[in-house]
Amino acid sequence: MQLYNTLSAKEREQLIEEAGKERLTISFYKYAHIKNTQIFRNHLFIHWNELDVLGRIYIAHEGINAQLSVPAESFGVFKAHLDSISFLENVRLNIAIEQDNKSFLKLKVKVRDKIVADGLNDETFDVTDKGIHVDATRFNKLIEDPDTVLVDMRNHYESEIGHFKNAITPDVDTFRDSLDIIEADLADNKEDKKLVMYCTGGIRCEKASAYYKHKGFKNVYQLEGGIIEYTRQVKAEQLENKFMGKNFVFDHRRSERISNDVIANCHQCGKPCDTHVNCANEACHLLFIQCADCAEVMNDCCSDSCKEINALPFEEQKRLRKGKHASNKIFKKGRSEVLKFKK
């Protein structure tokens, strides 16, 4: 029984192009008690692989976190399968604002300790005692209240290209890093201020709201469905959009345009730009912001040294990488001394 990918990303990309059929990029999450995570993981892989679902799905005893791409013609069958799973029946699906048939090129269903790496000991507080969920209309009213503190629960490279007006955007690399920083900064306002949080799709705020209530915050709110659902409601209900710039997403698209504001700058020349790229040197793979002019001059690389390596024959590049473990931990996101104009 096949429980893993058999095609490379390039082979899958070619098949998608040849098929010429529309695909939908979707994300969802659900906190639930899953006893046998491996069996559940295999169950999802078998069913979704048959439907040509692609994406990145994390399974843990605490629930599921999924970002995926499904053929539009198979969406009904996919939704029916979700509804057949008791805790996923009618789960909110965040449909991408900007569709791309190649947002995902493999199906990866992985068992993890947590569906979000929050570094918290869930046994020390009630994770079900969450903050108040608010829709786009109420969110817009709340953030205009002078007694509201609006906090972006995402990482620095996400908020750099887009965030809500007047939001606190912690300069952090991980979700866990932001929790203590925010608590310390707002220590004197636990009772008199409204703490309003948002993230991409809502999953980080789900845990953070319970954590902050445990820490003594009296008025905790979270944007239901995150930036993705907010944008959908703004368009559907013709509300005022208070988000500036792009929404960073964790697939091959890297971002979705929410407003025409460009609030970031090229990390190499300083010109207004909000396009994230990965350094073309596979041994580096640094995520950074690069304008079209710098991409041409630097051959899609982050530095002169990477440009030199990228110009070498492919086999020579492989030889230089040999023996070096390229874990995700070395692929720094927007942090490097070579980025002269990183704010």
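This text leads through a predicted model, beginning with a pair of helices and going on to salt bridges and cysteines.

Helix H6, which covers residues 175-185, and helix H7, which covers residues 203-214, have axes that come within 12 Å and cross at roughly 35°, and the crossing is right-handed. On the side of H6 the contact is made by Phe175, Ser178, Leu179, Asp180, Ile182 and Glu183, and on the side of H7 by Arg204, Ala208, Tyr211 and Tyr212. Of these residues, six are nonpolar, one is polar and three are charged.

The closest N and O atoms of Lys130 and Glu206 are 2.8 Å apart; Glu206 counts as buried at 8% relative accessibility, whereas Lys130, at 32%, counts as partly exposed.

The whole structure holds 32 salt bridges. Another of them joins Asp171 and Arg335, with 3.1 Å from N to O, and this pair links the loop between strand S8 and H6 to the segment after helix H11, 164 residues apart. Asp171 is exposed, with a relative accessible area of 53%, while Arg335 is partly exposed at 29%.

The cysteines give a count of zero disulfides. Cys279 is buried at 2% relative accessible area, and Cys284 is buried at 18%.

Definitions and conventions. Residues numbered from 1 in each chain as written. Predicted model: local features only at pLDDT ≥ 70, side-chain atom pairs only at ≥ 80, totals over all residues. Heavy atoms only, no water. Axes fitted to C-alpha atoms, helices over the stretch in contact; angles between N-to-C directions. Helix = DSSP H or I, 4+ residues; strand = E, 2+ residues; numbered from the N terminus. Left-handed = near helix turned anticlockwise from the far one by under 90°. Contact = heavy atoms within 4.5 Å. Nonpolar A, V, L, I, M, F, W, Y, C, P; charged D, E, K, R; others polar. Disulfide = S-S within 2.5 Å. Buried < 20%, exposed > 50% of the residue type's maximum accessible area, 1.4 Å probe, protein only. Salt bridge = Lys/Arg side-chain N within 4 Å of Asp/Glu carboxyl O.
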